[in-house]
Amino acid sequence: MKTLRDVYNAFLCKVNEDDWANCYSEEDLEWFTKDWRSFLESAIPYFKFPRCGLEIDEENGCFKDEFFGNAEIEVLACFMKQEWLKRTIDSWENIKTQYEESDFSQANLLKTFISLREQIKDEARKSEARYYRSIGRRPFDFKKLAGSGGKSWN
């Protein structure tokens, strides 16, 4: 059974956040875990058609569905990264200097951030598309859609 920690670890492999590097106490870890959970909660609605349930067993800190696996973790981690980047870009620290200094503009930096956000959205969509096209790391057998017997047109 996959735990929330498995999803958080996959997410953390995709981001480089200095704020989470300084974990000195149980209180810090509790705060970090709440932060990661907020990204997970934001990512779940993006996952349109999972092949298993995404319900969380709060008591045990894991997913209820026994079929929840690494493929689902990868998709959720990509969407979590998308949400993390959105929060990072939208933070007030990145845009407040536009209003403080008239001779300095962060327009190019924001343009780069927005481009990066679109790149991450595309990465998440591609991860989800790969998930939909394969089952058990095998491509979907499209011959099944051809009708009775799965006969080829050739």
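First, what we are looking at. This is a predicted model, where local features need pLDDT of at least 70 and side-chain atom pairs count only at pLDDT 80 or more, while totals for chains, interfaces and linings use all residues. Residues are numbered from 1 along each chain as its sequence is written, and side-chain values use heavy atoms, with hydrogens and water left out.

The fold. The chain has six helices and four strands; helices here are DSSP runs of H or I with at least four residues, strands are runs of E with at least two, and both are numbered from the N terminus. In sequence order the pattern reads α-α-β-β-α-α-α-α-β-β. Take contacts, meaning heavy atoms within 4.5 Å. Among those between residues at least 6 apart in sequence, 67% join residues at least 24 apart.

Surface and burial. The accessible surface is about 10700 Å², and carbon and sulfur atoms account for 51% of that; areas come from the Shrake-Rupley method with a 1.4 Å probe, and for residues only the protein chains shown count as cover. Of the 154 residues, 34% are buried, that is, under 20% relative accessible area, with exposed being over 50% and partly exposed in between, again with a 1.4 Å probe and protein chains only.

Now the core. In soluble globular proteins, nonpolar side chains tend to be buried together. Here the largest nonpolar core has 34 residues, and Phe11, Leu40 and Leu76 have the most contacts inside it. A nonpolar core means buried Ala, Val, Leu, Ile, Met, Phe, Trp, Tyr and Cys residues joined through side-chain atoms within 4.5 Å. Helix 1 (4–12), helix 2 (26–43), helix 3 and helix 6 (107–133) each supply at least two of the core residues. Helix 3 gives the largest share, 10 residues. Beyond four places in sequence, Leu76 is in contact with Val7, Leu40, Ala43, Ile44, Phe47, Leu54, Phe63 and Phe68.

How do helix 1 and helix 2 pack? Their axes are 11 Å apart, at an angle of about 85°; axes are lines fitted to C-alpha atoms over the stretch in contact, and angles run from 0 to 180 degrees between N-to-C directions. The two helices are therefore roughly perpendicular, a label for 65 to 115 degrees; under 35 is roughly parallel, over 145 roughly antiparallel, and the rest oblique. Residues making the contact include Tyr8 and Phe11 of helix 1, and Trp36 and Leu40 of helix 2.

Back to helix 3, for two residues. Ala77 lies in helix 3 and is buried, at 0% relative accessible area. Its C-alpha atom is separated by 4.5 Å from that of Phe11, 66 residues apart along the chain. Not counting residues up to four places away, Ala77 touches Ala10, Phe11 and Lys14.

Lys81 is also in helix 3, residues 70–90. Is Lys81 buried or exposed? Lys81 counts as buried, at 14% relative accessibility.

Glu128 sits in helix 6 and is buried at 4%. Outside four places in sequence, Glu128 touches Tyr46, Phe47, Lys48, Val75 and Phe79.

Last, the cysteines. Cys52 is buried at 8%, and Cys62 is buried at 6%. The structure holds zero disulfides, a disulfide being a pair of cysteine sulfur atoms within 2.5 Å.
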